[in-house]
Amino acid sequence: MAEVVRINQDTWRIEDGNVRFYLLCGAERAALVDSGRDTPDARQIAEGLTDLPLLLINTHADMDHISGNGAFDEFYMSPAEEENYRSRGGSGTILPVREGDRIDLGGRVLRVIDQPGHTPGSIALLDERDRVLISGDSVQNGRIFLFGRFRNVPLYIESLKHVLEYAGEFDEIYAMHGSVPVGPELIPKLIEGAGRILRGEAEGERVNVFGNEVLLYRFPYAEFLCELTLGK
Ligand SMILES: [Zn+2]
C-alpha cells in the first residue's frame with residue numbers, strides 16, 4: 001500500500017516500498033514524476049490529490065518506475081529510453097523530451113537534464129521554482145544499479161559531472177530511492193566512488209541480485225551494484 005506524504009503546499013511524494021515517485025502541481029497542470037513499482041493505481045492516487053489536468057513524466061523505464069504507466073495514453077520520456085521501456089512490455093505513446101526541454105506546469109517549470117548511464121534515457125528534472133532536482137536513480141544514497149543491459153558506468157560518471165553544472169540552481173535533491181531530501185554535496189561523492197570502482201581501486205563483495213552474480217560496493221554515502229568484470 002503506497003503511502004502519500006505531503007512535502008509542501010503543492011508537492012507530494014508517494015512511497016511505494018523501496019521506491020518513491022512525486023506529484024508536483026503548478027497553477028495550470030500537475031505532473032506525476034514516475035509511476036512506482038507496485039502502483040498500477042498511481043494515476044488514481046494523483047487524481048485524489050489534485051483536480052488539475054495530470055501529465056506523467058518518467059525519469060527512466062526500469063520496472064520500479066513505470067507500474068502506473070498503463071493508465072496514461074501518452075507520457076514524457078527520453079526517446080533514448082524507448083528500447084528499455086518496450087522491452088519491459090511498456091505501452092502508450094512516448095512524448096520525447098531531451099536536455100533543455102521545459103515542461104511548464106503554470107508558474108512552475110521543470111527543466112529536463114539528460115542523465116544517461118544508469119539507463120540510456122535516464123533524465124533528471126530541475127524544478128526551477130522550488131530549486132529542487134528530481135534525480136531519478138542517478139543521484140541517490142541507496143543502492144545504485146549499474147550492472148546488466150543498458151548500464152554504462154563511464155557515461156554515468158559523465159552524467160553526474162553534467163548535473164553538477166546545474167548545482168547553483170538547486171538546494172535539495174529528491175531521489176527515488178534512499179533518503180529524501182539529499183544535498184548537492186552527494187554528487188561529487190558519487191563521482192569519486194564510481195570512479196574508484198572503474199579504476200579498480202575499490203573492493204566489492206560478491207552478491208546475488210535477482211539471479212545475477214554481481215559486485216556490491218559499499219561506500220558511506222551510497223552503494224553500487226556492478227558487473228564482476230568492471231574495473232578488472
Ligand atoms: Zn529505481
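**Salt bridges in a predicted model**

The side chains of Arg 86 and Glu 82 form a salt bridge, with N to O at 3.0 Å; the term covers a side-chain nitrogen of Lys or Arg within 4 Å of a carboxyl oxygen of Asp or Glu. This is a predicted model, in which local features need pLDDT of at least 70 and side-chain atom pairs count only at pLDDT 80 or more, while totals for chains, interfaces and linings use all residues. Residues are numbered from 1 along each chain as its sequence is written, and side-chain values use heavy atoms, with hydrogens and water left out.

Both Arg 86 and Glu 82 belong to helix 2 (residues 82-87), where they are 4 residues apart, about one turn of the helix. Helices (H or I, at least four residues) and strands (E, at least two) are DSSP runs numbered from the N terminus. Arg 86 is partly exposed at a relative accessible area of 33%, and Glu 82 is partly exposed at 34%. Buried means under 20% relative accessible area, exposed over 50%, and partly exposed in between (1.4 Å probe, protein chains only).

A second salt bridge pairs Arg 108 with Asp 130 at 2.9 Å, N to O. Arg 108 sits in the loop between strand 8 (102-104) and strand 9 (109-114), and Asp 130 in the loop between strand 10 (123-127) and strand 11 (132-134), so the pair ties together parts 22 residues apart in sequence. Arg 108 is buried, at 0% relative accessible area, whereas Asp 130 is partly exposed at 23%.

Asp 130 also forms a salt bridge with Arg 129, their closest N and O atoms being 2.7 Å apart. Salt bridges with shared partners join Asp 10, Arg 108, Asp 127, Arg 129 and Asp 130 into one network. The whole structure holds 23 salt bridges.
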